[in-house]
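Work through the following exercises with the sequence and the coordinates at hand. Each task is followed by a solution in steps.

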Protein chains: 2
Amino acid sequence: MIELDGMVRETNGTKAARTTTAAETPTVVDYGPLEEWIGFHLRLAQNASFQAFAREARGIDVSPGRFATLLLIGRNPGISQTALSRANARDKSSLTPVLEDLERRKYIRRVRPKSDRRSYRLMLTPAGERLLKQLTACATTHDRNLDRIIGPRERERFLRTLKKIVAELAPANGNGTVK
Amino acid sequence: MIELDGMVRETNGTKAARTTTAAETPTVVDYGPLEEWIGFHLRLAQNASFQAFAREARGIDVSPGRFATLLLIGRNPGISQTALSRANARDKSSLTPVLEDLERRKYIRRVRPKSDRRSYRLMLTPAGERLLKQLTACATTHDRNLDRIIGPRERERFLRTLKKIVAELAPANGNGTVK
DNA sequence: TATTGTTATACTCTATAACTATA
DNA sequence: TATAGTTATAGAGTATAACAATA
């Protein structure tokens, strides 16, 4: 179980300990500069968003982290593992156990193309398509919640800012590729 | 090594495969609805931001993930492990090995208060203070980069939105606490 | 030589449940 | 009984390096 202290407190660095507990730990925690740092809140927000999506998707047969993988295969039938790992910003070796699991459970198929017998072409099975539909429905609901929270006006701006952060924080190596 | 495909492509779902590779995998990946979903970009942005901070903090003696822990102890000397775990949105058991490591390396001290001998009161050692200063400098630089990317006007709005997401996506249990 | 995917391995982060020592 | 922190354990997620098969 996790509990997250509410972060409502004075904006400056003043500590407002209530000193009621026996151990004399501050009841109100001082977050200092954390309070104003983008990076920290980016972490909390990503965490909260993922948890909410997971709640939405509870009861579905795969973990929510598989969603992007399934969607990318569904959208790009025949994609190779290497291309998929790049699209998802993960190393190809991280993908091996994931795809093994999805194949074992008959959600994807892997075909050796005769043109290049080192590689695989990935595609969803009908069961995989159904699974993806379920997850997509959850994601849609979740995203609608986020819309409601953010507001339709704000949403575009917010998304643009997120994309900007990704684009500009990638290590400069000439082509926008993270190495 | 990770490579992330640039995500510049047509906004609708049309696939624009160049079919130049032998394996016939699409050269341009179709991200479908992912392209417009907040949750996905929140993940990418948080990832990019953390990586950038890690680059900033390379060479420092602790991993960047320790930063929040050290800062919270520094700001709240005498805080208990339970209070710390709550403030950082982690289970207390996750904290044990972290604090053991920090204590072994003499960055924090743990004192048994006579008032409650079950608990610890955590505080930084002088070395811990120095370490925190270093990390804070890195975080400040990093956050200035983010400011430059986001823009000073946008920044406040963006931060407010992040906080709003955290506040509203916490499971409803009456008091803003995540259970 | 270079690339695709696998293997072996390891590290970080995180959690649950049961435990101990206090309270 | 309840709480603070630890232990035992496990799982997800991720990475690097070396490798075999193929190009």
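A residue is called buried when its relative accessible area is under 20%, exposed when over 50%, and partly exposed in between. The model used here is predicted.

**Exercise 1.** Classify Cys138(B) and Cys138(A) as buried or exposed, and state how many disulfides the structure holds.

*Solution.* 
- Step 1. Cys138(B) has a relative accessible area of 10%. The cut-off for buried is under 20%, so Cys138(B) is buried.
- Step 2. For Cys138(A) the relative accessible area is 10%, so Cys138(A) is buried as well.
- Step 3. Over all chains, the number of disulfides is zero.

**Exercise 2.** Describe the fold of chain A in outline.

*Solution.* 
- Step 1. Chain A contains six helices and two strands.
- Step 2. Along the sequence these elements are arranged as α-α-α-α-β-β-α-α.
- Step 3. Chain A has 179 residues, of which 49% are buried.
- Step 4. Of the contacts in chain A with a separation of 6 or more, 46% join residues 24 or more positions apart.

**Exercise 3.** Characterise helix α5 of chain A: what is its span, which residues are buried, and what covers them?

*Solution.* 
- Step 1. The helix covers residues 126-150, which is 25 residues. From first to last C-alpha it reaches 35 Å, close to the 36 Å expected at 1.5 Å a residue.
- Step 2. The buried residues of α5(A) include Leu131(A), Leu135(A), Cys138(A), His142(A), Asp143(A) and Ile149(A).
- Step 3. Among the elements covering the buried residues of α5(A) are α1, α2, β2 and α6 of chain A. Chain B contributes α1 and α6 to this cover.
- Step 4. After α5(A) comes Gly151(A), with a positive phi near 95°.

**Exercise 4.** Describe how α1(A) and α1(B) pack against each other.

*Solution.* 
- Step 1. In each chain, helix α1 spans residues 38-56; the two axes come within 9 Å and cross at roughly 145°.
- Step 2. The crossing of α1(A) with α1(B) is left-handed.
- Step 3. From α1(A), the contact residues are Gly39(A), Leu42(A), Arg43(A), Ala45(A), Gln46(A) and Ser49(A). They meet Gly39(B), Leu42(B), Arg43(B), Ala45(B), Gln46(B) and Ser49(B) of α1(B).
- Step 4. By type, the residues of this contact are four nonpolar, six polar and two charged.

Technical notes. Residues numbered from 1 in each chain as written. Chains lettered and ligands numbered in written order. Predicted model: local features only at pLDDT ≥ 70, side-chain atom pairs only at ≥ 80, totals over all residues. Heavy atoms only, no water. Axes fitted to C-alpha atoms, helices over the stretch in contact; angles between N-to-C directions. Helix = DSSP H or I, 4+ residues; strand = E, 2+ residues; numbered from the N terminus. Left-handed = near helix turned anticlockwise from the far one by under 90°. Contact = heavy atoms within 4.5 Å. Nonpolar A, V, L, I, M, F, W, Y, C, P; charged D, E, K, R; others polar. Disulfide = S-S within 2.5 Å. Buried < 20%, exposed > 50% of the residue type's maximum accessible area, 1.4 Å probe, protein only. Expected span 1.5 Å × (residues − 1).
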